[in-house]
Amino acid sequence: MGRAGCCYRGAERLASPPRVPSLRPLLVLLLALCYGAHRGHCQVATPQCRIQKCTTDFVSLTSHLTPALDGFDVEFCKALRSYSACTQRTAKSCRGNLVFHSAVLGISDLMTQRNCSRDGPTSSTHPEMQSEPCNYHSRTQHALTHPHTHTHTPPGYLFCGLFGDPHLRTFKDSFQTCKVEGAWPLIDNDYLSVQVTNVPVVTGSSATATNKITVIFKPFEECTDQRVYQAVTDDLPAAFVDGTVSSGAPDHNLNGNNGDSTGKVQALWISEHSPGRHVELHAGYIGVTIIVRQLGRYLTLAVRIPEEMAHAYDATQDLQLCLNGCPTSERIDRGGHLPLPLPHPALGLQLQQPHGQGQSSHTHSHTAPYSAPQGFSMEGARARCREQLEVQDIYFHSCVFDLLTTGDANFTAAAFSALKDMESLHPHSERWTIYPPSSAHTSQPITCLLLLTLCALG
């Protein structure tokens with residue numbers, strides 16, 4: 001039969017005549033799966049064809065069964081129906097595969113012999129239940145618990161966000177402010193591409209902001225064909241460019257934060273939270289969530305992606321801002337320090353006063369989408385940002401920077417929304433807060449130097 005490694009562990013127990021004398025067709029099936037050896041090599045399923053996975057799951061489901069057990073026929077038929085359903089899900093990617101077609105014929109023979117109906121319950125409640133191929137969470141959980149795999153580490157997730165002038169938070173939690181005018185790739189791997197286009201905000205300034213986002217979900221096994229999502233200023237659709245809102249059959253469960261099933265969903269779908277203002281893209285088959293918002297004239301983006309997916313790229317895909325940050329020539333910040341500019345001359349001489357002079361906080365937090373630029377003093381900008389950002393972290397400082405640079409009060413809401421999206425998607429709460437290098441951190445050496453100088457003079 002070729003090398004022993006071509007057969008599936010437990011097959012000899014299932015096909016053993018003394019224990020299960022009526023399962024001779026199963027022996028033929030498993031022999032067919034092992035057959036095809038040619039000079040010591042087996043025909044194996046391609047990575048897209050999951051017939052080997054279906055078969056090993058069937059072996060696990062039935063390895064404990066004997067005809068002497070009460071309910072043997074019921075349990076065996078349930079396992080066969082699970083096996084059959086698994087082959088149907090992978091049929092598209094297994095065309096022409098000898099192992100696959102042998103398994104399909106063998107399943108049919110066994111169901112006829114055991115008088116199993118095609119419709120009925122499956123072995124989905126068995127502790128060794130097969131994973132759902134179009135559900136990343138299910139696949140990874142199965143890999144952690146399945147005895148035939150060598151995966152022992154839970155999957156890690158990464159976060160990337162872009163908002164404002166624009167400010168970039170990379171997968172490594174490096175916070176950068178960049179120029180990056182024009183089209184730039186944020187993510188580009190084997191599963192997903194995300195590109196943004198940035199345009200100047202104020203004439204004569206290097207400040208830019210995002211007015212276009214393009215997301216490409218690449219084909220993945222039998223789960224989805226390619227889907228493209230595109231958002232531009234004043235057009236934040238709740239559908240892909242082809243008009244669809246989902247992709248893939250609704251044959252897997254959506255899992256909540258605690259892993260509990262919350263219902264059947266597609267492999268890829270769009271949910272609209274606020275028409276024209278807030279859309280979320282969910283790619284359950286690769287574990288990706290993307291939040292897109294429009295605030296004022298410009299767009300913000302937040303992405304959560306499994307680490308293994310983010311790192312699935314080759315040397316031609318190394319220009320990814322989320323992965324490697326902005327090129328040095330495009331950086332506005334200085335090693336994480338964000339120099340606060342003076343109000344740009346194009347904004348005029350009018351200075352925004354601190355909150356409390358005739359306007360309420362509610363008015364500030366719901367700025368008109370296309371309000372005219374204002375001139376903000378440093379005090380006015382800080383007061384406006386404090387209305388929504390209580391902690392003076394990097395998001396607060398980015399808010400102040402954007403108000404001083406552009407005079408557009410909508411950037412306050414953009415910073416606040418970016419913070420909340422980060423908190424909802426970033427997997428490590430202990431890394432949420434980032435404080436920029438500030439005068440508070442740099443003044444201590446200067447103070448010590450001054451004291452030493454005074455002592456020397458004394």
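Start with the open sheet, whose eight strands follow the order β3-β2-β1-β14-β13-β12-β11-β8 with antiparallel pairing; here strands are DSSP runs of E with at least two residues, helices are runs of H or I with at least four, and both are numbered from the N terminus, while two strands pair if DSSP finds at least two bridges between them. At the edges, select β3 (175–177) and β8 (246–247), each of which pairs on one side only. This is a predicted model, in which local features need pLDDT of at least 70 and side-chain atom pairs count only at pLDDT 80 or more, whereas totals for chains, interfaces and linings use all residues. Residues are numbered from 1 along each chain as its sequence is written, and side-chain values use heavy atoms, with hydrogens and water left out.

Next, select β13 (residues 288–295), which runs antiparallel to β12 (residues 278–283) and is joined to β12 by six bridges. Within this pairing, Glu280 has Ile291 as its bridge partner, and His282 has Thr289. The two strands form a hairpin with four residues between them, and Gly287 in the turn has a positive phi of about 70°.

On the β14 side, β13 pairs in the antiparallel sense over seven bridges, with Ile291 opposite Ala302 in β14. This hairpin has two residues between its strands, and Gly296 in the turn has a positive phi of about 70°. Seven of the eight residues of β13 are buried, a term that means under 20% relative accessible area with a 1.4 Å probe and protein chains only.

Now select Thr300, which is placed in strand β14 and is buried, with a relative accessible area of 4%. Its contacts (heavy atoms within 4.5 Å), not counting residues up to four places away in sequence, include Leu162, Ile213, Val292 and Ala414.

Move on to helix α12 (residues 410–425), which lies across β1 (157–163), β2 (167–169), β13 and β14 (298–306) and runs at about 165° to β13; axes are lines fitted to C-alpha atoms, for helices over the stretch in contact, and angles run from 0 to 180 degrees between N-to-C directions. To see the contact, show residues including Tyr395, Cys399 and Leu403 of α11 and Phe411, Ala415 and Leu419 of α12.

Key: Buried means under 20% relative accessible area, exposed over 50%, partly exposed in between (1.4 Å probe, protein chains only).
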